[in-house]
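Trainee: Hi! Could you walk me through a protein structure today? I'm new to this, so please keep it simple.

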Amino acid sequence: MSHQQSSHEPQSDSDLIAEVLEQTKPIDADEQSTEASGAAPVTVEALQEQLEQAQQQAAANLDKAIRTMAEMENLKKRVQKDLDDERKYGLAKFAKELLSVLDSLELGLQAATGDSPEIVKLREGSELTIKQFESVFAKFNIETVDPIGQAFNPELHQAMVMQPSATAQPNTVLNVFQKGYVLNGRLLRPAMVVVAKAEDKPADSAKIDEQA
């Protein structure tokens, strides 16, 4: 009787607490993470591959950045050159228009012959105006091309006539029909010139040379 009673005796409080703790024991954090994700653990090889991919991407980004900087620098230089050219040569069209006015003044001065007071005043006024033109041209680096006696230069001169000459060297400028001009070293208008060439030999002289 006593044995039967002991089997039905209620558990003590300490025993109940121990049983509950045993049933509610937490799962290990690593095991819980692996079970939840179902993924295999990360290996050293996988990390090495990720590192190489990251390095390749960084190198590609660096190369792209360098190319972009080079393109921007080239663009900056081109823009600066365009601005410099505009500052130096922006007056070219206006200067060409002024040249025609100056040509008219010089032609008028050449035609103003005589000693009458009116002609004298006209010459003086034309000469003064031409000097003012020359002063303005010098201020803006517009230079005159007046190559009499110089060697013919196709970059600055335009040959209108080839003329035999016994005194000048061949390919030398004998006369200038119209002066040329340059703006900051760039040609505005070529000088129209007469160019010397060797004299033609007489027919008799040519026969003598052949016989000799």
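Predicted model: local features only at pLDDT ≥ 70, side-chain atom pairs only at ≥ 80, totals over all residues.

Trainee: What percentage of the residues in the protein chain are buried?

Mentor: Of the 212 residues in the chain, 15% are buried. As for contacts, take those between residues at least 6 apart in sequence: 63% of them join residues at least 24 apart.

Trainee: Okay, let's zoom in. Which residues of α6 are buried?

Mentor: Those are S126, I130, F133 and F137. Helix α6 itself covers residues 117-139. From its first C-alpha to its last, α6 reaches 33 Å, close to the 33 Å expected for its 23 residues.

Trainee: On to the strands, then. How do β1 and β4 pair?

Mentor: They pair in the antiparallel sense, over four bridges. One of the details you can look for is V145, whose bridge partner in β4 is G180.

Trainee: Which residues lie on each side of β4, and are they buried or exposed?

Mentor: G180 and V182 are on one side, with Y181 and L183 on the other. All four are buried, so both faces of β4 are covered.

Trainee: How many bridges join β4 to β5?

Mentor: Three bridges join them, and the two strands run antiparallel. In β5, R186 is the residue opposite L183.

Trainee: How many residues are there between the strands in the hairpin of β4 and β5?

Mentor: Two residues. N184 is found in that loop, and it has a positive phi of about 50° although it is not a glycine. N184 is partly exposed, at 28% relative accessible area.

Trainee: Changing topic: how many salt bridges are there in the whole structure?

Mentor: The search finds three. Let's start with D103 and R189, whose closest N and O atoms are 2.6 Å apart. This pair links distant parts of the chain, with D103 in helix α5 and R189 in strand β5, 86 residues apart. Both D103 and R189 are buried.

Trainee: Which residue meets K179 in a salt bridge?

Mentor: E106 does, with an N to O distance of 3.0 Å. K179 lies in the loop between β3 (173-178) and β4, while E106 is in helix α5, so the pair ties together parts 73 residues apart in sequence.

Trainee: Are K179 and E106 buried or partly exposed?

Mentor: One of each! K179 counts as partly exposed at 22% relative accessibility, and E106 counts as buried at 17%. The cut-off for buried is under 20%. Leaving out residues up to four places away in sequence, E106 touches I130, K179 and Y181.

Trainee: And which residue does R67 form a salt bridge with?

Mentor: With D63, and their closest N and O atoms are 2.9 Å apart. R67 and D63 are separated by about one helical turn because they are four residues apart in helix α4. R67 is exposed at 54% relative accessible area, whereas D63 is partly exposed at 38%.

Trainee: Last one! Which residues form a nonpolar patch on the surface?

Mentor: M72, L75, V79 and L83 do, with about 370 Å² of accessible area together. L75, for instance, lies in helix α4 (residues 44-89) and is partly exposed, with a relative accessible area of 38%.

Terms used:
Residues numbered from 1 in each chain as written. Heavy atoms only, no water. Patch = residues over 30% accessible without salt bridge, like charges linked within 9 Å, V, L, I, M, F, W, Y side chains within 5 Å. Areas by Shrake-Rupley, 256 points an atom, 1.4 Å probe, with all protein chains shown as cover. Salt bridge = Lys/Arg side-chain N within 4 Å of Asp/Glu carboxyl O. Buried < 20%, exposed > 50% of the residue type's maximum accessible area, 1.4 Å probe, protein only. Expected span 1.5 Å × (residues − 1). Contact = heavy atoms within 4.5 Å. Pairing = 2+ DSSP bridges.
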